[in-house]
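The plan is to pick a few spots, look each one up, and write down what I find.

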Amino acid sequence: MKKKTSFVLLPNLNPGGAEHIVITLLNHFDRSLFEITLVVLDAGSGSLRKQVPSDVQLVVLNRKRVRTALMNLVGLLRAEQPDIVFSNLSHLNLGLAIFRFTLPKKTSLVVRESNIVSQNVKLFPFNAIFHVLYKFFYRHIDMIICQSSEMADDLRQHYNISSSQIRVINNPVDI
């Protein structure tokens, strides 16, 4: 069986909750099923770099901000045509959802939300615009992983996301 090519995206390799979750996942993905590439917007001096498994290809875009990295990232995804793209950061998730129509049709876009979106959006400048962007573009994501049923309920209630697009998976713990 041919392995699925999976691109896992992170903004950086600095220690943080989302970054630790991704490192845990990278260590436990079944290598007989997945060929994994970790795409980091800005590696900088990220201390988690040494924890990236040696069999995971690392691509660094050298961009400090999501908005300046999106075009490079979309270009990379179009060129490489991975089977799966997994993103783990709210505003990166939104950027990918906005550009979803430019990604290869075969590519499944899977995102993990780490916050309750309707509450997180309130913290953004121009939050009404972001609310509309989430409401319109998040429908184009293939699967949204939520950490809790409350997060899933929020997406259904405030953004009209179908239950078929949502999976509740608690954070992994590497013991």
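Predicted model: local features only at pLDDT ≥ 70, side-chain atom pairs only at ≥ 80, totals over all residues.

**Entry: α3 against α5**

I started with a pair of helices. How do α3 and helix α5 cross? I found that their axes come within 9 Å and cross at roughly 55°. Helix α5 covers residues 127-137. Next I listed who touches whom. On the α3 side I have Ser-90, His-91, Leu-94, Ala-97 and Ile-98, and on the α5 side Phe-130, Leu-133, Tyr-134 and Phe-137. I sorted these by type and got 7 nonpolar, 2 polar and no charged residues.

**Entry: α2 against α3**

I then turned to the contact of α3 with α2. What angle do α2 and α3 make when they pack? It comes out at about 50°, and the axes are 10 Å apart. This pair is therefore oblique too, by the angle between α2 and α3. The hand here is right: α2 passes α3 in a right-handed crossing. From α2 I wrote down Val-66, Leu-70, Leu-73 and Leu-77, and from α3 His-91, Leu-92, Gly-95 and Leu-96. The tally for this contact is 6 nonpolar, 2 polar and no charged.

**Entry: Tyr-134**

I wanted a closer look at one residue of helix α5, and Tyr-134 sits there. Is Tyr-134 buried or exposed? Its relative accessible area is 1%, and buried means under 20%, so Tyr-134 is buried. Its side chain is joined to that of Ser-90 by a polar contact of 2.7 Å. Setting aside neighbours within four places in sequence, I counted Ser-90, His-91, Leu-94, Val-117, Val-121, Phe-124 and Tyr-159 as touching Tyr-134. I also checked a distance: Gln-147 is 13 residues from Tyr-134 along the chain, and their C-alpha atoms are 18 Å apart.

**Entry: Lys-135**

One step along helix α5 I looked up Lys-135. With a relative accessible area of 34%, Lys-135 is partly exposed. Beyond residues up to four places away in sequence, Lys-135 touches His-158, Tyr-159 and Asn-160. Tyr-159 was on my list for Tyr-134 too. Between the C-alpha atoms of Lys-135 and Ile-166 I have 15 Å, for two residues 31 apart along the chain.

**Entry: Asn-88**

I moved to the loop between β4 and α3, which holds Asn-88. How accessible is Asn-88? The value is 1%, and that makes Asn-88 buried. Its side chain has two polar partners in my notes. One is the backbone oxygen of Ala-18, which lies 2.8 Å from a polar atom of the Asn-88 side chain. The other is the side chain of Arg-112, in a polar contact of 2.8 Å. Away from its sequence neighbours within four places, Asn-88 is in contact with Leu-9, Leu-10, Ala-18, Glu-19, Val-22, Asn-93 and Arg-112.

**Entry: Arg-100**

Next stop was the loop between α3 (90-98) and β5 (108-112), where Arg-100 sits. I looked up its relative accessible area and got 13%, so Arg-100 is buried. Which side chain does the side chain of Arg-100 make a polar contact with? Asp-142, at 2.8 Å. Further contacts of Arg-100, leaving out neighbours within four places, include Thr-107, Ser-108, Leu-109 and His-140.

**Entry: two positive phi values**

I finished on backbone angles. Most residues other than glycine have a negative phi, so I wrote down two that go the other way. Gln-81 is not a glycine, yet its phi is positive at about 50°. I found Gln-81 in the loop between α2 (66-80) and β4 (84-87), and its 39% relative accessibility makes it partly exposed. Asn-160 has a positive phi as well, near 55°. Its place is the loop between α6 (149-159) and β7 (166-168), and at 49% relative accessibility Asn-160 is partly exposed. Asn-160 had already turned up among the contacts of Lys-135.

Key: Residues numbered from 1 in each chain as written. Heavy atoms only, no water. Helix = DSSP H or I, 4+ residues; strand = E, 2+ residues; numbered from the N terminus. Buried < 20%, exposed > 50% of the residue type's maximum accessible area, 1.4 Å probe, protein only. Polar contact = N/O pair within 3.5 Å; in protein donor to acceptor, adjacent residues only side chain to side chain. Contact = heavy atoms within 4.5 Å. Axes fitted to C-alpha atoms, helices over the stretch in contact; angles between N-to-C directions. Nonpolar A, V, L, I, M, F, W, Y, C, P; charged D, E, K, R; others polar. Parallel < 35°, antiparallel > 145°, perpendicular 65-115°, else oblique. Left-handed = near helix turned anticlockwise from the far one by under 90°.
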